[in-house]
Amino acid sequence: MTEQELQQYLRINFPKEDDACDWKEMKNLKNSFAGQEGDDVVSYVSAIANMEGGHLVIGVQDKTLEIIGTDLTKLLLDGYQATPESAAFKLTEHCTNLSSEGLSIEEYVTEDTHKTVWIIHIPKHLPRRPVYAHKKAWQRVKDSLVQMRPE
């Protein structure tokens with residue numbers, strides 16, 4: 001798939017950011033996968049799962065959906081270069097109560113520009129069991145992540 005074809009696919013299937021879909025640039029996933037709480041992949045997965053589930057598109061520019069690509073070469077999980085399967089497994093380790101059922105990561109590498117985009121499909125939390133990242137349950141409020149209140 002070329003960059004233009006991938007761009008068209010993303011615009012059709014993930015046309016806007018809302019409670020169920022977020023676009024993130026995250027050029028370097030080594031620092032963004034399980035890094036700074038409230039601003040890393042695991043926090044966004046927690047927030048989306050705690051709403052109704054949805055998708056996190058990584059490697060695109062926030063607001064415009066322009067393909068930037070993300071660098072996976074330095075993202076090591078258990079000493080090995082990350083794959084979509086190993087990253088999904090790590091998400092279940094880092095996100096307490098995240099169900100593996102319905103959790104998946106699609107990887108797209110453009111043929112012409114060799115840019116990598118990940119689409120993380122995130123299931124909804126189990127009833128009365130919020131998903132935690134960094135020992136906090138997150139939720140989205142407009143464009144921000146905030147810690148959920150106990151109630």
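Modeller: Four strands make an open sheet in the order 5-8-9-10, with antiparallel pairing. This is a predicted model: local features need pLDDT of at least 70, side-chain atom pairs count only at pLDDT 80 or more, and totals for chains, interfaces and linings use all residues. Residues are numbered from 1 along each chain as its sequence is written, and side-chain values use heavy atoms, with hydrogens and water left out.

Biologist: Which are the edge strands there?
Modeller: Strand 5 (95-96) and strand 10 (144-147), and each pairs on one side only. Helices (H or I, at least four residues) and strands (E, at least two) are DSSP runs, numbered from the N terminus. Two strands pair if DSSP finds at least two bridges between them.

Biologist: How many bridges hold strand 5 to strand 8?
Modeller: Two, in the antiparallel sense, with strand 8 covering residues 132-133. Thr96 has Tyr132 as its bridge partner in strand 8.

Biologist: Which strands does helix 3 lie across?
Modeller: Strand 5, strand 8, strand 9 (136-141) and strand 10. Helix 3 runs at about 75 degrees to strand 9. Axes are lines fitted to C-alpha atoms, for helices over the stretch in contact (heavy atoms within 4.5 Å). Angles run from 0 to 180 degrees between N-to-C directions.

Biologist: Now the sheet with strand 1. What's the strand order?
Modeller: 1-2-7-6, again four strands in an open sheet, but with mixed pairing. Its edges are strand 1 (21-24) and strand 6 (104-109), each pairing on one side only. Neighbouring strands are turned by 15 degrees against each other on average, direction ignored.

Biologist: And how do strand 6 and strand 7 run, parallel or antiparallel?
Modeller: Antiparallel, joined by six bridges, with strand 7 at residues 116-122. Ile105 stands opposite Ile120 in strand 7. Helix 4 (residues 84-94) packs on this sheet and touches strand 6 and strand 7. The direction of helix 4 makes about 145 degrees with that of strand 6.

Biologist: On to the inside. How many residues are in the largest nonpolar core?
Modeller: 30. Val41, Val45, Leu56, Leu91, Leu98, Trp118 and Ile120 have the most contacts inside it. A nonpolar core is a set of buried Ala, Val, Leu, Ile, Met, Phe, Trp, Tyr and Cys residues joined through side-chain atoms within 4.5 Å. Buried means under 20% relative accessible area, exposed over 50%, partly exposed in between (1.4 Å probe, protein chains only).

Biologist: Which elements give two or more residues to that core?
Modeller: Helix 3 (41-50), strand 2 (54-58), helix 4 and strand 7. Helix 3 gives the most, with seven residues. There is also a second, separate core of twelve residues, including Leu10, Cys21, Ile67 and Val117.

Biologist: Switching to aromatics. How many pairs does the structure hold?
Modeller: Two. Rings of Phe, Tyr and Trp (its six-membered ring) pair if their centres lie within 6.5 Å; planes under 30 degrees apart count as stacked, over 60 as edge-to-face and the rest as tilted.

Biologist: Why is Tyr9 with Phe14 edge-to-face?
Modeller: Because the planes of the two rings stand at 70 degrees, with the centres 6.4 Å apart. Tyr9 is partly exposed, at a relative accessible area of 25%. Phe14 is buried, at 5%.

Biologist: What about Tyr9 and Tyr108?
Modeller: That pair is tilted: 5.5 Å centre to centre, 45 degrees between the planes. Tyr9 sits in helix 1 (residues 3-13) and Tyr108 in strand 6, so the pair links distant parts of the chain, 99 residues apart. Tyr108 counts as buried at 16% relative accessibility. Tyr9, Phe14 and Tyr108 form one aromatic cluster.

Biologist: Last topic, salt bridges. How many are there?
Modeller: Nine. The criterion is a side-chain nitrogen of Lys or Arg within 4 Å of a carboxyl oxygen of Asp or Glu.

Biologist: What does Glu3 bridge to?
Modeller: Lys115, with the closest N and O atoms 3.3 Å apart. Glu3 lies in helix 1 and Lys115 in the loop between strand 6 and strand 7, so the bridge ties together parts 112 residues apart in sequence. Glu3 counts as buried at 17% relative accessibility, whereas Lys115 is partly exposed at 25%.

Biologist: And which partner does Lys90 have?
Modeller: Glu93, at 2.7 Å between the closest N and O atoms. Both lie in helix 4, three residues apart, about one turn of the helix. Lys90 is buried at 11% relative accessibility, and Glu93 is partly exposed at 44%. Elsewhere, salt bridges that share partners join Asp22, Lys24, Asp62 and Arg140 into one network.
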